[in-house]
Amino acid sequence: MDSRTQQPRAAPDPATARIAAAFHAGDMVQVVALAATARERNETVLLLHALALHALQRNGEAAATLRRLVQVRPGVPEYWNNLGVVAREAGAFDEAEQACRRAIELAPHDAQFHHNLGLLYAQQQRWPDARTSQFEAVRLAPGFVEARLQGALACHTCGDVPGEDAMLQGVAQWPPQPAEQALMLADILTERGETATALDVLDQAVLPPDAEGAARMAQRFAAQRSRLFERSNRLVEAQAELATIPLDALPGADAGVANEIMRARAQLLVRQGDHAGAAGLWQTMLDRAQTPSARAGAAFGLAAALDKLQRPGEALAAIRVAHAAQLETLRHIAPRVIEDEGRSLPMAAQRVSHREHDAWSTLPPPRTEQSPVFVVGFPRSGTTLLEQMIDAHPDFRSMDERAFVYDLIERMEQAGQPYPAGLAAITDEEARMLREIYDGEVAQAVPDLGARRLVDKNPLNMLALPMILRLYPEARIVLCLRHPCDVILSCYLLPFRSPPFAALCSSLPRLARGYVAAFEQWFAHAEVFAPRVLEWRYESVVERFDEHVLRLGHFLGIADTEPLKHYAEHARNKGYISTPSYAQVTQGINRRSVDRWQAYREAFDAVLPILKPMLERLGYEV
């Protein structure tokens, strides 16, 4: 809470002086006792009484005292802020919001007030509102690290990657964080692939002062490090971290610690092929889950393990639980994407016709060597495998999955140029500026690119073909294809961070409609633009690997294709890979993912009629 207040003009009376002395001595019990018997309940007594009650976690009484204080001095913003903090901690969220907003009305430039309002929204899972409040706090105080951390968490939860990037600027130079915040920050950094920084955050964290709290936190840190190492394909180190946690360190009284340990163990068991052991841990976590996000995480993990155990009926039951819980979370983040199916893949509805393309102004193209290689296709079509294969060649460099092409579209629209209609009249200078923006973002993502050719792998760039070809008309594009039913099943079984895509994946029919819409747009644009495209069909690559590697090399102008064949070893050595298939690509080519959907054929009864025209067009049978 905020103890700022105006200094009294006259010397305090003896009773007030005794209360102040007890407060400054840290004797909150004495403060409460003296304040309760004070004859004069002046401003200072009320403030110190409230602060002491809050320190003793008697928040209901503290809130009552603060209500009296804001009646006495309604123009002091700090008092309203204190009421907001205490009411939030007491669970009185409506009163807390009103008090926080009143503090901001009185002092709109106080970053702490905006931060406290953001904390309230986060506690209510109103993540977009939390993000807005923390962004305002950081705008007012750019060095406000706690607001940056909370803002990054809100962006991470909302799937706002650019916002997350902005909030985490300079994170490596942040001061050591308290243990809980360090775990939160390390978790975000792990998902971003910033392994070294995440480890530094944990190593420098400020542990609780008591021995029991420090020991419990050490177990949580070990579990976090294990997950971080597993995610970066450093399995020996992941196992070593778990070995530091005693086998009986799953205290029933501390579900949070137990779940973090079980989660780390389950993920490592999956990598070791013990899917039954992983399923048992995920089931325990699901049974103990207290929040929709915890329930979703455990159910997704359980479904994946049951799928590996070839128990499709149970896997489907688990995945339905997972999606129901995830939708509960999404309702707080992006409710309209749940209700409006068109918001899941809004780009799929945007088309450039032959006539519109004919009206495009002529632009001098960039040099061919400046054009990235674009790897596209519906998610879970083998794009990560192909990306790592090309990245294994010394003349190429991938940057993991980024939305930089979509950032260019957003820049256009922010400048008042509608997409894709505005592409027709952009000037050479505007195109050059857009390429420079793209190059700048790439330079931040892969500062060691050098003379190597960029591989931009983002599956849903397939929906941004007009922008790609307007800026890079000679670009080589590889379209990854896989049996649509296998693609849809794989998407259905996985959690995705992007709220629109997570909503799309919440049911098989909705996924099927999205898949068809994406490819209808792709084929329409391919007819208009006639791009340089290589179709990379997963099933054919599995059957005739060497032949397709040669085809890929010819398409990309690679004389020596031998490095491409060693992509699995390259992926293992690379460490962090952002996509869900980070483990599969380290195992080499195999047939296990071909016709996987057949085990779930009954669940596809409502899906096959939707997919039939596209199945026929792509040449797949059922």
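## A bridge between two strands

Val373 has a bridge partner in strand 3: Val455. The model here is a predicted one. Val373 falls within strand 1, which covers residues 373–376. Strand 3 covers residues 453–457. These two strands run parallel, and three bridges pair them.

## The sheet around them

## One cavity

How many cavities of 30 Å³ or more does the structure hold? There is one. The largest cavity has a volume of about 40 Å³. Rolling a probe the size of a water molecule over the atoms shows where empty space is left.

The lining of the largest cavity consists of Phe374, Val405, Leu408, Tyr438, Met467, Ile468, Leu471 and Tyr472. Helix 22 (404–414) and helix 24 (465–471) each supply at least two of the lining residues. Helix 24 gives the most, with three residues. Phe374 also lines this cavity, and strand 1 spans residues 373–376.

Helix 14 runs over residues 235–243. Which of its residues are buried? They are Ala238, Glu241 and Leu242. Seen down the helix axis, the buried residues fall within an arc of 95°, so they line one face of helix 14.

The face turned away from that buried side carries Val236 and Ala243, which are exposed. Cover for the buried residues of helix 14 comes from elements including helix 13 (211–231) and helix 15 (255–271).

Where is Asp210 placed? Asp210 is in the loop between helix 12 (195–204) and helix 13. Its relative accessible area is 41%. Buried means under 20% and exposed means over 50%, so Asp210 counts as partly exposed.

Asp210 can also be set against Leu306. The two are 96 residues apart along the chain. Their C-alpha atoms are separated by 41 Å.

Notes:
Residues are numbered from 1 along each chain as its sequence is written. This is a predicted model: local features need pLDDT of at least 70, side-chain atom pairs count only at pLDDT 80 or more; totals for chains, interfaces and linings use all residues. Side-chain values use heavy atoms; hydrogens and water are left out. Two strands pair if DSSP finds at least two bridges between them. Helices (H or I, at least four residues) and strands (E, at least two) are DSSP runs, numbered from the N terminus. Buried means under 20% relative accessible area, exposed over 50%, partly exposed in between (1.4 Å probe, protein chains only). The arc is that of the directions from the helix axis to the C-beta atoms. Contact means heavy atoms within 4.5 Å. On a 1 Å grid over the protein atoms alone, a cavity is a set of points where a 1.4 Å probe fits but cannot get out, and a pocket is an open set with protein on both sides within 12 Å along at least five of seven lines; lining residues have an atom within 4 Å of a point. Grid points are joined across faces, edges and corners, and a volume is the space filled by probe spheres set on the points.
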